[in-house]
Amino acid sequence: MDATPIAKNHHCHMDHRRSSRREFLAAASAVCAASFTPSRHAIASDGSKLLDTHHHFYPPTYQKAWADWEDQRKIPHFGVQLTWSREQDIEAMDKNGITTSVLSLASTPGVWFDAGAQAAHDMARLCCDFAAEMVRDKPGRYALFAPLSMIDATLKEIEYALDTLKAGGVNRQTDYGDKWLGDATYKPIFKELNRRKAVVYVHPLVASCCGRLSVGTFPAVIEVPHDTTRTIVSLLLSGTFARMRDIKWLFSHGGGTIPMLAGRIESFFDRAGNRDRFAPNGVEAEIRRLYYDTANATHPASMAALTNLIPMSQITYGSDYPYFPLDQIETLRHALPPQDLAAISSGNALRLLPRLSA
């Protein structure tokens, strides 16, 4: 087999997109170099929607538990998550023209604060109920990816989130105690989510194995995107993607380091004798059918790598608010043709989450 299959497979569709990628890099670089003030209605001047599929929330009880957990470990607070409030959130959305935000939880260690499984379950329920109240209080402005604790009670959590709260999908971490999502422990959970044809939004955290691999920066800078890659490869090689064809997967931050490492992953595993078990149509095909958001990935180099690998139909707009500002759409507005901008701004998210159309 050709040692560089990703280049061979992409030869046809990369040729006609190569010039557009160069244009993207040039246009986006110009925008990044300029300062701009986000308009009050972002891209809504033509009546179109701007949907943020990567938007975080933090109930007060959760904020305190998180701060205490970090203090006990002498971990410096990032800050913004501890000052987040519902009032500031909707104000920021209005200022930046966000039509609807899909709420999710993101932190290390998720809902696990070393207090046991029942406490994790209770925290997940508290967060779900808090977010559901936000959805009810501001009709049309919010939806929910419900956090799960990943314990024996998780099947009941799924039932509550999807049937009672009418959540748009579920919110999973990339790993739980250094067990990435392809681990056999999670098979019953994914089987149920597959039966329901659910949307599974996956957010990374700093894996406990690797939180001290510091090179002088926050672990989140390097370890968080790499953990997305770890869990995608785990789901791929375990055969979870191949078996659970009705789950709609959405991964954060442009897929972490997947766009850069896709060729390397493919070159190792497309030759595997058991490839039909985990990637019946090839490794690249499995990667390309997933969804990815643009949160903190709108830098021209990141977007060029992402869009060279992933079809535009599989990319949604995400902000990672409150860690990063809601105005990241401005970079894309100045760099993408109208049809691609419309797809990322709302079209793809509406196809993934049809309920948002209402």
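1. Let's start with a pair of helices: α8 passes α10 in a right-handed crossing. Please keep in mind as you look that this is a predicted model.

2. Where do α8 and α10 sit in the chain? Helix α8 covers residues 219-237 and helix α10 covers residues 258-269. Their axes come within 11 Å and cross at roughly 30°. Angles under 35 degrees count as roughly parallel, so α8 and α10 are roughly parallel to each other.

3. By class, the contact of α8 with α10 has 8 nonpolar residues, 1 polar and no charged.

4. A second pair to visit is α2 (residues 60-72) with α5, whose axes come within 9 Å and cross at roughly 140°. These two helices are therefore oblique to each other. On the α2 side the contact is made by Pro60, Thr61, Tyr62 and Ala65, and on the α5 side by Met123, Leu126, Cys127 and Phe130. Here the residues divide into 7 nonpolar, 1 polar and no charged.

5. Finally, have a look at the second largest pocket, which holds about 580 Å³ of space. It is lined by 27 residues, and the closest to its centre are Ala143, Lys166, Gly168, Arg355 and Leu356. Helix α5 (117-137) turns up again here: α5 and β3 (142-147) are the elements that give two or more residues to the lining.

6. What classes of residue make up that lining? The lining of the second largest pocket has 15 nonpolar, 5 polar and 7 charged residues.

Conventions:
Residues numbered from 1 in each chain as written. Predicted model: local features only at pLDDT ≥ 70, side-chain atom pairs only at ≥ 80, totals over all residues. Heavy atoms only, no water. 1 Å grid on protein atoms, 1.4 Å probe; cavity = no way out; pocket = protein on both sides within 12 Å on 5 of 7 lines; lining within 4 Å. Points joined across faces, edges and corners; volume = space filled by probe spheres on them. Helix = DSSP H or I, 4+ residues; strand = E, 2+ residues; numbered from the N terminus. Nonpolar A, V, L, I, M, F, W, Y, C, P; charged D, E, K, R; others polar. Axes fitted to C-alpha atoms, helices over the stretch in contact; angles between N-to-C directions. Parallel < 35°, antiparallel > 145°, perpendicular 65-115°, else oblique. Contact = heavy atoms within 4.5 Å. Left-handed = near helix turned anticlockwise from the far one by under 90°.
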